Amino acid sequence: MFPAGTDCTQDAGGISGSVRIPWSFVWRYGGNRVSVIGSFTRWTEQVEMAPVEGDSTVFQVMCSLSPGIHQYMFFVDGVWRHDEQQPHVMSAYGIVNTLILNQEANPVRSLLHPEVSGNRMNMDVDHENSPIVVSNLRISEADIGISCDRISEFLSTCAAYELLPDSGKVIALEVSLPVKQAFHILYEQGIPVAPLVDNCSREFVGVLSPLDFILILKELSSHASNLTEEELETHTISAWKEAKQQLSSQMVLHGPTQRQLIHAGPYDSLKEVALKILQNRIATIPIVHSLLQEDSFPHLLHLASLSGILRCICRHFRQFSNSVPILQQAICTIPLGTWVSRVGESNGNQLAKLKPNESLSRALTLLVQAQVSSIPIVDDNDCLLDTYSRSDIMSLAKDKVYARIRLDETSIYQALQLKNNASSSHGSLTGQHFHTCLRSDSLQKVMEQLANPGVRRVIIVEDATNHVEGIISLSDVFRFLFRMPQANEAIHRII
């Protein structure tokens, strides 16, 4: 909930001219009414600040400033204040904060996205931007390092609360709910993931995701299963989470299956949030604001994902792309993603792919064991037909379809038909289509595709034949930007 960006044209302290630099002023110390005043308004006009949704102690406003030296103060409930955590000096107006904006408009110094205008989540990718000149030449390690460092530094200056939408809902499920009811709620609400809350301990204790539904369906279809369809009516989420620990000894599940809830705070940097997602191999992370009172319930503000963070990067660096050389590089020239071997090459990898006549049981097993979120479905010539994703399993909740089919007798083609039928009547969660790119596309173009909500991977195809050449996932991009090791086998990597 931010006011529209303010154009402070009476900028006495800055350099005159048409160059304007967006700057976010933030007051983090509470109050009922907060405004900012400074040299950029000739100390005559106060600019009202708005509280951040989800945290009434933080106020923020975006102003458009000219390059140069600026001084400013905050007016909080009738009292002049300065931020002791920011640079400050003694002046004729008392102690004031100082700000220096370079003529070059360093992209790292702008704490919010330049185009913010009343909605922090107004970060949707604009594909109408000016054409990008794509480089097919190999980029040096030095230029890769410079580019990655600039993006990493930018993420270090942005806080998680900048991901919060102005309005919306975040659904949490009580662990005493029956599992069956929980998955119907997820399907009806059109969401794939929900945090779990224990009202007894007054804590968030985990997350329910499509992976849980997949494991439950596989357990129901197992002849040795102790769980029946009838028991699923009363089987609680907490009971399922306990049973999941026993499954871990029977199935190949990489990583810990029982751990404390991984979460982030509203003031954690976006870099910290992204690293938590990568290091813990999770798709989303709850942004939780814990209150100081011991008996108070923590506030669930948002479910953050890598796509939301990538949207911040795309929005910010679109006008500064020349300062990040890697963005103009063709994806085939940089060490990113997983590629299949071309004729005469031996450095490719065996991508996890399936044919439409293979069983749904085979697809679900591969999704679990390979720890991938989506599998390309190809024809006999390895040409892309469709994809089957973990979230597609939620379509089986419609009309209790999962109770009327056998996983080993249902083909992927039939499962895709069920998904399409569910999406046509429901229209949100299961209606997403797969996304493709070419090996000649720039990194910036691929990043903008991945920045769209719900997109977690882009399949690289050959232009003329639609032959699958590779996959680039959200985690691939962030591991590359953070200079983390890239997994080199798709069958063992997170997508």
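In the predicted model, strand E9 (residues 88-91) and strand E10 (residues 94-101) run antiparallel and are joined by four bridges; helices (H or I, at least four residues) and strands (E, at least two) are DSSP runs, numbered from the N terminus, and two strands pair if DSSP finds at least two bridges between them. A hairpin of two residues connects E9 to E10, and His 88 stands opposite Asn 97 in E10. Strand E10 also contains Gly 94. With a relative accessibility of 22%, Gly 94 counts as partly exposed (buried means under 20% relative accessible area, exposed over 50%, partly exposed in between, with a 1.4 Å probe and protein chains only). The C-alpha atoms of Gly 94 and Arg 81 are 9.6 Å apart, at a sequence separation of 13 residues.

Residues are numbered from 1 along each chain as its sequence is written.

An open sheet of four strands shows mixed pairing in the order E16-E21-E20-E19. Strands E16 (338-339) and E19 (436-437) stand at its edges with a single partner strand each, so one side of each has no neighbour in the sheet. Strand E20 (residues 457-461) pairs with strand E21 (residues 468-473) in the antiparallel sense over five bridges, and Ser 473 in E21 is the bridge partner of Arg 457. Helix H11 lies across E16 and E21, at about 65° to E21.

Helix H11 (residues 474-481) also packs with helix H1 (residues 141-157), their axes coming within 9 Å and crossing at roughly 105° (axes are lines fitted to C-alpha atoms, for helices over the stretch in contact, and angles run from 0 to 180 degrees between N-to-C directions). H1 and H11 are therefore roughly perpendicular, a class covering 65 to 115 degrees. The contact (heavy atoms within 4.5 Å) involves Ile 144, Cys 148, Ile 151 and Leu 155 of H1 together with Phe 478, Phe 480 and Leu 481 of H11.

The buried residues of H1 include Gly 145, Ser 147, Ser 152 and Phe 154. Helix H6 (270-279), helix H7 (306-317) and H11 pack against the buried residues of H1.

Definitions and conventions: Predicted model: local features only at pLDDT ≥ 70, side-chain atom pairs only at ≥ 80, totals over all residues. Heavy atoms only, no water. Parallel < 35°, antiparallel > 145°, perpendicular 65-115°, else oblique.
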